[in-house]
Amino acid sequence: MDAFFTKLMTLGGPLLLGAGTTVAITISALLVAVVLGLALALIRLLNIHPLNWLIATYVEIFRNTPVLAQVFIIYFSLPYLGVNINPFPAAVIGLGLNGGAMLTEVFRAGLNAIHFGQREAALSVGMTPWMSLRYIILPQTWRITLPPLGNYAIALLKDTAVVSAIAAPEIMFWARNLVTSTFETTFVYILAALLYFCLSFPLARLVDGFERRQRAWQ
Amino acid sequence: MIEDLKGFLSVYAENWHDWGPQIYEAIWVTIQLTIASFSLAVVLGLLLAVGKLSNIGLVRGFCTAYIEIARGVPALAVLFLLYFGLVPLGIVFDAFTAGAIGLGMSAAGYIAEVFRAGIQAIHKGQREAALAVGMTPMMTFRHIILPQAIRIILPPMLNMVILLLKDTSICSLISTDELMLRAKDLAMMSFLPMHLFLLAGAIYFCLSWPLSLITRKIENLMQRGRRQTFGG
Amino acid sequence: MTGPLLQVEELHKSFGDLEVLKGVDMTLDRGHKTAIIGPSGCGKSTMLRCINYMERPTQGHIHLDGELFGETQSDGAYKPMNEKGLARQRAHVGMVFQGFYLWPHLCARDNIGIGPMKVRGISKAQANELADAMLEKVHMSHKANEFPERLSGGQQQRVAIARALAQQPKLMLFDEPTSALDPELIGEVLNVIQELAEEGRSMVLVTHEIRFAREVADHVIFLHDGVIVEEGPPKQVIDNPQHERLRAFLRQIVEH
């Protein structure tokens, strides 16, 4: 039993450190994805022809290629163009761009779910288009998009595991390093899986609870 | 600009006799990996969905726990555990098998939820109404339950295929010899990472995009069907 | 100020190849009420929606209180007004929609208060006070804190009327305000509109309720195929129709 705890302490430390990085990457990439997705969804509302087409192309490309390929292209190809990039920002940019494509569609669906009459009513009381977006449309969009946004955050958290491939020091990266130095293969990988579960499970409960509450409203 | 692009593309032409056959081979492995993991996920997912609705507490508990864990743990962690983590216990898979099993087990959690949603969305009254007009339970399932369930289940299933196709790329990290690994190996040998990763990305896109288009088309069709059904 | 409150000149509106309004004129004096009637698809809602530029007319001009609406004019050339100016003008025109369009994320009081608060910049306390006063006018004070989903259609429409009233509009537009309501809920909404009419408010009303139009309006316009076929005082137009199309339309309404 004592040996088990010693093992847990020596191996758990670095993994926890990795978990910190995993959380940091998740939050940073989520931020990039939300800002990008919302901005692009709003631009698409304006219906400007070449922009529309460009955004749709971006969305299709990033939604139909593996995130690992996206991260590799950014990490290995930017130096080729003379830009040196560290694993952490490469991971955040790659995951963020990928998420931006996902969330563009999520926000677009959320914006479209709001009846056009709501906007007309806002204009009729003398609001400008910007005011109607700010006070009428967006508050409702948030409510509609929160569950898919939460689900995306969980998917993103899990997707961060792939950036171990470019040596971003998150959970899987540390797990692989610990294995080479300690040979505690089974133990380390179970611990790593458990750690991810501990991070994602509360998030999943939160999303579930919110979805249930929203269903109760309807 | 145009010259740069020409130069960039000419690299593919020069190397194609070397890269081409290897890439074709790897595409085939990727497709096999997708099909294998999806098949496993469907079978496992169906069992889990039925188990989660079971009356036996132990079965229900196990299936619920499995689904939650599968949804909370990255597929990559499952792959590492399967491929490296079980070796000390004497369980050894080859990289393809580990990849297919790992992705399949991971996806099964989602598929189970898809099945469950499909089963539960159909009101009990419909079954009773079918029996009341004299249908046998078999006819009820065949003509009433199944057509509606397919409508609900099909679009998320197709999305799962797309997701799995893209996720097969992470099997490269446990050395399954699929498209991503082959691209990476060729990139390291030729010192042309940008060319090869862009090529790999383009191939994934060519495989995935048609599936996306079909899925969207079916989603629209299904939705129209449902609206008609409920007379809205 | 002298002159009419609302002037509509030579109004045309097309959607693609379809010409919905083919040159419509109308004048409304302060405190007067005009009802627009006609079969579905005759362009009556479009005409109403052009008055506050929910739809931009293809041709023709609107004047509200002597001021050109939705456009600016310099050297005889008309230019579309920018969104800010348009919003400022729309604030003077209250609109009640067939589909109510209350904002579901706000309670009844906030649905009424948010417009004046953001558009005119009054404080939250003032907005609440204003909203409560408007709710009283439509007999909805007891539902101030309810969200739209908890209100019946009739109650939602009364809150929507209160929302328009809170703008302190010079002119009220009603776009088939009872068409989406169950028959037993129509009365409560018509009562509120009638009370507003008796206060001497200026209004333009698009409606299917011929009897109500006859009672409330002092002028009735019969629109058919995008043109005014007949107009005048309700007693003349509704009780003694001259045009065959109007007679057919009224017969059909009575039969239903």
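This briefing describes the chains, interfaces and selected local features of the structure above.

The model is predicted: local features need pLDDT of at least 70, side-chain atom pairs count only at pLDDT 80 or more, and totals for chains, interfaces and linings use all residues. Residues are numbered from 1 along each chain as its sequence is written, and chains are lettered from A and ligands numbered from 1 in the order in which they are written. Two pairs of chains touch, and the pair of chains A and B has the most contacts. A contact here means that the C-beta atoms of two residues, placed from the backbone, lie within 7 Å. Chains B and C do not touch, and their nearest C-alpha atoms are 16 Å apart.

**Chain A as a whole**

- Chain A holds eight helices and zero strands; helices (H or I, at least four residues) and strands (E, at least two) are DSSP runs, numbered from the N terminus.
- The C-alpha trace of chain A spans about 70 × 50 × 25 Å along its principal axes.
- Of the 218 residues of chain A, 46% count as buried. A residue is buried if 20 or more other C-beta atoms lie within 10 Å of its own, exposed if 12 or fewer, and partly exposed in between, with C-beta atoms placed from the backbone.
- Among contacts in chain A with a separation of 6 or more, 78% join residues 24 or more positions apart.

**The interface of chains A and B**

- This contact takes 29 residues from chain A and 33 residues from chain B.
- On the side of chain A that touches chain B, the elements giving two or more residues are helix H2 (49-63), helix H3 (67-77), H7 and helix H8 (185-217) of chain A.
- H8(A) provides the largest share of that side, eleven residues.
- By class, the side of chain A that touches chain B has 21 nonpolar, six polar and two charged residues. Ala, Val, Leu, Ile, Met, Phe, Trp, Tyr, Cys and Pro count as nonpolar, Asp, Glu, Lys and Arg as charged, and the others, Gly among them, as polar.

**The largest nonpolar core**

- The largest nonpolar core has 194 residues, of which Val71(A), Ala192(A) and Ala77(B) touch the most other members. Such a core is a set of buried Ala, Val, Leu, Ile, Met, Phe, Trp, Tyr and Cys residues joined through C-beta atoms within 7 Å.
- Apart from its neighbours within four places in sequence, Ala192(A) is in contact with Leu15(A), Ile171(A), Met172(A), Ala175(A) and Ala77(B).

**The interface of chains C and A**

- Here the contact takes 21 residues from chain C and 17 residues from chain A.
- Helix H2 (83-90) and helix H3 (108-120) of chain C are the elements that give two or more residues to the side of chain C that touches chain A.
- The largest share of that side, five residues, comes from H2(C).
- The residues of the side of chain C that touches chain A divide into ten nonpolar, five polar and six charged.

**Helix H2 of chain C**

- Leu86(C), Ala87(C), Gln89(C) and Arg90(C) are buried in H2(C).
- These residues lie on the same side of H2(C), because they cover an arc of only 165° around the axis; the arc is that of the directions from the helix axis to the C-beta atoms.
- The cover over the buried residues of H2(C) includes helix H5 (116-124) of chain A, together with strand S4 (59-64), strand S5 (67-69) and S8 of chain C.

**Strands of chain C**

- In a regular strand the side chains alternate between the two faces of the sheet.
- From strand S8 (residues 93-96) of chain C, Val93(C) and Met95(C) point one way and Gly94(C) and Val96(C) the other way, and all are buried.
- S8(C) runs parallel to strand S9 (residues 171-175) of chain C, joined by four bridges; two strands pair if DSSP finds at least two bridges between them.
- Leu171(C) in S9(C) is the bridge partner of Val93(C).
- Strand S11 (residues 219-224) and strand S12 (residues 227-232) of chain C run antiparallel, joined by five bridges, and His224(C) stands opposite Val227(C) in S12(C).
- The hairpin of S11(C) and S12(C) has two residues between the strands, and Asp225(C) in this hairpin takes a positive phi near 55°.

- Ala167(A), a residue other than glycine, has a positive phi near 65°. Ala167(A) is found in the loop between helix H6 (129-159) and helix H7 (171-182) of chain A, and counts as partly exposed because it has 16 C-beta neighbours inside 10 Å.
- Phe191(B), also not a glycine, has a positive phi of about 55°. Phe191(B) is found in the loop between helix H7 (179-190) and helix H8 (193-230) of chain B, and is exposed, with 9 other C-beta atoms within 10 Å.
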